[in-house]
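Subject: Structure handover

Hello,

Here is the structure I promised you. Please open it next to this email and follow along.

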Amino acid sequence: MYNRRCGSGRGIKRQVVIQVYANIIIDISHESVDRVFQYKVPEKLEKSLQAGQQVYIPFGGGNHMRKGYVVELTEELQFDESRLKEIHSIVEGSVSAQSQLIWLAWWMKERYGSTMNQALKTVLPVKQKIKEAPKRSICCLLDQEGLQDAVQEAERKKYKARLRLLKALESGRELPYERTVHELGLTASTLKPLIEAGVIAVRVVERYRNPILQMARLSEGIWTGKEGQIPPAPVLNPAQRQIADAFCSGYDRGERGTFLLYGITGSGKTEVYMELISHVVSQGLQVILLIPEISLTLQTVMRFYRRFGDRVSVLNSRMSAGERYDQYERARTGDIDMIIGPRSALFAPFERLGLIIIDEEHENAYKSEISPRYDAREAAEERARMSGASLLLGSATPSMETYTKALRGEYGLFTLKERARADSILPSVEVVDLRKELRDGNRSMFSRRLKELLEGVLRRGEQAMLFINRRGLANFVSCRSCGEAVKCPHCDVTLTLHRNGRMMCHYCGYTISQPKVCPSCGSPYIAPFGAGTQRIEDMAREMFPSARILRMDLDTTSKKGGHQEILSAFGKGEADILIGTQMIVKGHDFPRVTLVAALAADLSLYASDYRCSEETFALLTQAAGRAGRAGLPGTMVIQTYQPDHYSIKAASEQDYEAFYKQEMAFRRLLGYPPAVGLLAIQLACPREDYLERCAGLTAEAVALRAKKDWAGTVLIGPVNAPIYKVNDIYRKILYIKHENYGILIQIRKMAEKGLKEAEGRYGLTVQYSLT
């Protein structure tokens with residue numbers, strides 16, 4: 001509380017005591033406390049307490065001490081004051097919660113629907129300090145003459161171990177502690193008298209783990225430049241310079257907003273990013289750069305590291321807990337100016353955030369699949385607004401939502417229509433009709449034209465990238481007698497055959513050995529069908545026995561550093577052909593790659609998602625951009641059973657505008673985003689009968705309320721999820737459409753309230769997704 005002097009109207013001043021209250025979220029995971037609790041702020045904490053801090057509070061009937069986060073400080077009393085308790089103290093020595101991130105967690109909870117605890121765990125992912133063994137060294141405190149006297153004394157008194165150390169110090173005044181102790185056979189009893197006599201000192205150097213050093217070692221041979229030497233900034237071409245100047249002049253005038261940088265593959269978007277980052281950092285501000293795939297980390301980070309030095313760091317889920325903590329601390333203390341990583345890097349605790357960049361903004365990887373199911377692009381826009389920063393979205397194939405907002409003028413729009421390098425041109429694209437290949441007797445995954453082009457690449461000593469969006473040896477194993485495929489008993493999917501003879505469910509991890517007879521009818525006529533990355537690798541090795549081949553998928557990159565090792569080896573020219581899933585064709589820049597092939601372009605077209613055409617177009621366009629980037633002519637081969645599909649035709653012509661017009665017409669006709677907003681409510685439960693009951697009641701409640709208050713609401717379902725059962729849990733989805741985004745948020749909150757008591761019973765869980 002504090003005193004405020006007020007006038008009474010008669011010249012007499014009186015003091016009014018104003019009580020300050022704190023709205024607090026309890027830091028425990030339980031739905032009954034997933035709301036704001038109000039506490040009194042004691043006078044002793046008034047000057048030090050701030051929104052976002054973590055505090056100790058008495059909680060419950062027993063007044064047990066709990067930790068909580070202060071969401072808001074207010075003078076407004078929301079509960080019976082006689083029942084309010086006081087905050088006990090501020091938590092000391094913990095990783096401090098930045099008030100901005102606490103607010104962002106609250107915003108995510110309100111927008112996407114989750115518990116506050118889930119939102120806090122998302123924005124504050126690093127809470128525990130994990131210490132690294134300190135770097136120590138043995139330092140000589142004597143001058144040269146004093147050291148010689150110490151050596152002579154050790155010889156005279158026959159101190160053998162001490163003598164070995166002193167002579168080693170003659171050649172180096174500071175020695176690494178661990179290596180010196182090991183190689184010279186020293187003990188603590190050897191060092192102690194020398195330390196007490198002031199001959200030596202053991203120096204401990206506080207250091208942060210630096211994951212970029214490992215990347216630098218992996219990148220050797222790909223990037224040139226002396227260690228520690230920052231190369232000059234690249235000279236921007238006129239189109240790049242025009243964009244950079246327009247952004248920077250507006251930024252200097254205090255203009256902050258969201259911008260789309262739409263540039264074709266190879267147009268030099270990264271060089272523009274660097275110019276904008278340099279301008280923002282020069283003003284003492286900090287930058288977050290989001291990338292969609294961990295596999296892009298190596299090349300992306302090293303390019304920025306070469307430009308900006310060790311003021312750049314990286315944050316991703318493949319790092320150890322200790323490495324993540326260190327980078328979190330470096331960001332919090334201002335030791336770095338820029339952090340690069342997937343969507344979780346958005347929550348780096350920068351105090352002076354000036355710019356957020358989202359590269360390849362169209363990627364679905366920016367959408368979280370667990371609660372809160374947030375879209376990193378929307379969350380970034382909110383964080384930029386809160387920080388007074390700008391947001392730049394970059395892509396060669398912008399998402400429908402982003403491009404629509406840019407055309408409406410909600411976002412600023414910059415475009416790059418030409419490749420940056422004068423010797424780099426867009427690749428030629430050839431579409432191969434697999435129906436014709438089949439009619440002509442070719443049942444291989446390699447069309448005759450692709451085989452011909454691969455032979456030419458190998459003959460010229462160039463490189464090729466082949467991708468299929470399915471890992472494993474075969475898509476499924478099926479019986480030719482009864483037609484039944486071998487399925488996972490816990491999920492509604494077939495098992496995928498891998499090279500080791502094991503069949504695996506890629507959803508729950510269930511594995512079995514490949515059966516010799518059909519589990520359904522006992523027939524011995526059971527065989528694998530389809531092909532995954534392992535099968536493609538086997539076929540390529542058989543077809544091109546002298547070729548050096550690498551495979552990159554989830555199986556080969558599961559270990560830490562797996563992505564970097566494979567990409568580094570390919571970048572150094574240690575392989576001729578790189579085979580993998582779509583991760584290999586996103587954002588990479590390999591100068592000797594002249595051929596890229598999509599072996600089965602139709603796979604993504606068959607997905608049960610209204611965005612399947614958009615995703616197919618983006619994937620093929622991005623893949624084509626990997627070829628012919630450094631003076632060598634490039635070719636993209638699209639193998640498909642639907643050569644006349646508009647997304648494949650537009651991708652073959654590299655025509656985004658034509659695709660956008662066609663796709664947007666379908667979205668308006670069918671009522672899908674961005675023409676309208678879409679709310680998806682997914683209910684999951686191991687009890688199928690309870691799931692059906694809850695989903696049905698929710699749909700009835702929404703329909704009844706919509707008829708009364710929300711005209712124009714379209715309700716679909718509840719329907720079975722595309723994969724109805726996963727790990728013995730059944731899933732149903734209720735889809736709600738409306739042109740007014742705010743009404744969809746109201747519907748979500750109503751559904752949340754109605755399902756609150758049912759959620760948790762019989763294992764029922766609910767997830768909300770808003771597009």
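**An exposed loop residue**

Glu351 counts as exposed because its relative accessibility is 51%. The cut-offs are these: buried means under 20% relative accessible area, exposed means over 50%, and partly exposed is in between (1.4 Å probe, protein chains only). Glu351 sits in the loop between strand S14 (338-341) and strand S15 (353-359). Helices (H or I, at least four residues) and strands (E, at least two) are DSSP runs, numbered from the N terminus. Glu351 and Arg332 are 19 residues apart in sequence, and their C-alpha atoms are 7.0 Å apart in space.

**Before you go on**

This is a predicted model: local features need pLDDT of at least 70, side-chain atom pairs count only at pLDDT 80 or more, and totals for chains, interfaces and linings use all residues. Residues are numbered from 1 along each chain as its sequence is written, and side-chain values use heavy atoms, with hydrogens and water left out.

**The cores**

A nonpolar core is a set of buried Ala, Val, Leu, Ile, Met, Phe, Trp, Tyr and Cys residues joined through side-chain atoms within 4.5 Å. The largest one has 79 residues, and Met465, Phe467, Leu620 and Met636 touch the most other members. Helix H1 (residues 99-112) gives the largest share of this core, seven residues. Apart from it lies another core of 30 residues, including Ile243 and Phe304.

**The sheet**

Five strands form an open sheet, in the order S4-S3-S6-S5-S7, with antiparallel pairing. S4 and strand S7 (89-90) stand at the edges with a single partner strand each, so one side of each has no neighbour in the sheet. Two strands pair if DSSP finds at least two bridges between them. Strand S5 (residues 54-59) and strand S6 (residues 64-74) pair over six bridges, in the antiparallel sense. Gln54 has Tyr69 in S6 as its bridge partner.

**A buried lysine**

Lys40 lies in strand S4 (residues 36-40). Lys40 is buried yet has no salt bridge. A salt bridge is a side-chain nitrogen of Lys or Arg within 4 Å of a carboxyl oxygen of Asp or Glu. The nearest side chain of opposite charge, Glu81, is 4.3 Å away. Here Lys and Arg count as positive and Asp and Glu as negative; His and the chain ends are not counted. Leaving aside neighbours within four places in sequence, Lys40 is in contact (heavy atoms within 4.5 Å) with residues including Gln19, Tyr21, Glu81 and Ile87.

Best wishes
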